[in-house]
Amino acid sequence: MEKTYEEINEKIKSGKAVVVTAEELIGLSEEKGLSRAAAEVDVVTTGTFAPMCSSGAFLSFGHTSPRIRMQKVWLNGVSAYAGIAAVDAYIGATEVPDDDPLNKNYPGGFPYGGGHVIQDLVAGRPIKLKALSYGTDCYPRKDIETEISLDEINEAILFNPRNAYQNYNCAVNLSDRTVYTYMGMLRPHMENANFSTSGQLSPLFKDPHLKAIGVGTKIFLGGGVGYVAWNGTQHSPSMLNIDGKEVCGSGGTLALIGDLKQMSPKWLAGLSILGYGASLAVGVGVPIPILNEESAYYAALKDEDLYAPVVNYGTDYPAREGKALCYVSYADLKSGKISVDDREVRTAPLSSIPKAREIAATLKAWILESGFLLTKPVKSLASPEDQIKLNFLNENKEKGV
Amino acid sequence: MKSKMIVLRFDMDTSVKPVIYRLVKDYDLVVNIAQANVNPQKRGKMVLEVSGEKCEEGLDYLRGLGVTVQSLDREIRRDEDKCFMCGACTGVCPTGALYLRHPSMEVAFDENNCIICGLCVKLCPVKAMEVRL
Ligand code: SF4
Ligand code: SF4
């Protein structure tokens with residue numbers, strides 16, 4: 001049994017497609033067996049709503065009179081990168097105002113940053129724009145202070161260089177002081193553990209060999225329609241063999257793009273992460289076509305079958321030693337406690353499972369009711385078989401220069 | 001004299017009855033027990049209305065015995081629109097007032113268990129937890 005994208009899209013158009021969320025597929029394949037579930041189901045929808053730091057938006061403001069080639073840009077006091085053409089800038093999710101006390105008052109609160117600017121923009125709130133320049137013959141103006149809003153600017157394109165991590169570390173702290181990380185507050189001596197994927201609902205977990213998701217895949221992004229633009233930065237998917245179990249590594253990532261103007265502040269939330277910085281929670285949902293039994297097998301993997309590496313953020317992680325202390329299942333992580341070295345450790349998610357479920361259900365409704373069709377990737381992304389190894393950045397003295 | 005509502009929390013090995021008696025006897029306080037919750041497995045909790053000149057001294061005496069004293073003139077609220085049910089707060093809340101429901105993984109808030117430690121207020125990434133005076 002093999003299905004094609006064309007066949008699935010025909011069924012969507014004629015209202016005959018069977019679309020289920022990843023959690024519904026799990027139930028279905030337990031009830032009817034994998035083969036029948038694979039034959040019946042055409043599309044599986046996934047979802048995740050979690051902090052995704054590597055996010056931001058390209059904005060194009062429109063020209064002033066006289067013209068300015070904006071060299072420095074601030075939006076509500078948060079600096080945006082303006083080293084591109086005249087009135088274009090990129091606001092990154094983790095940027096904070098120049099006068100933020102940062103971690104001087106440890107742990108810093110980071111009340112407002114780039115992620116909040118993006119959320120305010122999407123919510124339609126006015127944003128203060130300040131720009132400076134040096135003046136040229138063609139762009140004589142040297143400064144401007146005004147207000148903009150999403151409706152008034154020409155383009156607003158969400159472009160997130162690295163989102164939707166395939167899998168992610170479960171963070172613990174083996175040191176003897178509390179640490180404040182992008183994985184939350186971690187108490188000493190492994191008193192708590194935080195994890196951050198939606199497990200059985202998570203997009204890349206359901207397509208670990210990247211057979212369905214590729215460049216051009218149309219997705220749910222921030223409440224609107226978006227696309228996979230490329231692989232995410234640091235994309236290095238892997239399949240590990242841990243005690244005879246096939247474990248999906250943490251390396252697969254996606255670069256995502258979409259028109260910010262049709263997104264929603266409900267699915268793009270500015271975050272203040274104590275002691276770490278500002279960020280953005282991004283809602284992402286990816287449809288996965290069930291082309292054959294193999295795609296159904298991976299899409300039906302459940303929390304009991306999916307494992308996260310437990311990593312010590314007290315010392316190992318900051319020192320670039322990401323070694324896993326052990327692997328724990330998402331079923332255990334979601335139960336509220338895991339066992340590490342025979343010790344019971346309480347767990348908490350950082351990624352919203354109820355919202356992930358809502359995204360998967362919304363995407364399902366889009367396909368069934370609004371004619372959202374699947375796109376066949378125009379280019380495949382590197383898969384675990386490509387064995388990408390990430391390079392490290394070393395100082396000259398380490399290189400022996 | 002204005003009375004004050006307070007919540008006491010104590011380990012089960014602190015026997016409370018004589019302690020309350022001392023508040024009345026040694027510190028001249030008028031004490032009205034509004035709620036007492038003594039569960040053998042857990043920490044005990046008592047809500048009191050107290051008034052008297054030496055109120056603060058009396059409360060300091062309790063603190064000296066290791067009793068957590070918390071004034072009820074502040075409360076913690078959750079802004080339901082802002083909360084996106086990430087669950088981050090459930091890992092730090094010391095009393096389980098913020099907890100995950102299974103299997104939905106929705107984050108619930110039981111105000112009765114909140115000791116107003118303020119940790120979630122600092123930690124919540126979208127500032128959904130607020131202190132109200
Ligand atoms: S940390 Fe904040 S947003 Fe997350 S569940 Fe708790 S109250 Fe809600
Ligand atoms: S104030 Fe403290 S006890 Fe109350 S909900 Fe927040 S973390 Fe829990």
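Student: How many residues does the contact take from chain A and from chain B?

Tutor: Some conventions come before the case. Residues are numbered from 1 along each chain as its sequence is written, while chains are lettered from A and ligands numbered from 1 in the order in which they are written. This is a predicted model, in which local features need pLDDT of at least 70 and side-chain atom pairs count only at pLDDT 80 or more, whereas totals for chains, interfaces and linings use all residues. Two residues are in contact if their C-beta atoms, placed from the backbone, lie within 7 Å. Here chain A gives 22 residues and chain B gives 17 residues.

Student: Which element gives the largest share of the side of chain A that touches chain B?

Tutor: Elements are DSSP runs numbered from the N terminus: helices (H or I, at least four residues) and strands (E, at least two). The largest share, four residues, comes from β21(A). Among the elements that give two or more residues to this side are also β27 (343–349) and α7 (353–369) of chain A.

Student: How does the side of chain A that touches chain B divide by class?

Tutor: Ala, Val, Leu, Ile, Met, Phe, Trp, Tyr, Cys and Pro count as nonpolar, Asp, Glu, Lys and Arg as charged, and the others, Gly among them, as polar. This side of chain A has 12 nonpolar, seven polar and three charged residues.

Student: In what order do the four strands of the open sheet in chain A stand?

Tutor: Two strands pair if DSSP finds at least two bridges between them. The order is β6-β5-β8-β9 in chain A, with antiparallel pairing. Because β6 (78–80) and β9 (143–148) of chain A each have a single partner strand, one side of each is left without a neighbour in the sheet. Within the sheet, four bridges join β5 (residues 72–75) to β8 (residues 127–132) of chain A, and A:Leu75 has A:Leu129 as its bridge partner in β8(A).

Student: Which residues come nearest to ligand 1 and to ligand 2?

Tutor: A residue is near a molecule if its C-beta atom, placed from the backbone, lies within 6 Å of it. Of the 14 residues around ligand 1, the nearest are B:Cys83, B:Cys86, B:Cys89, B:Val107 and B:Cys124. For ligand 2, also with 14 residues around it, they are B:Cys93, B:Ala97, B:Cys114, B:Cys117 and B:Cys120. The shell around ligand 1 has 12 nonpolar, one polar and one charged residues; that around ligand 2 has 12 nonpolar, two polar and no charged.
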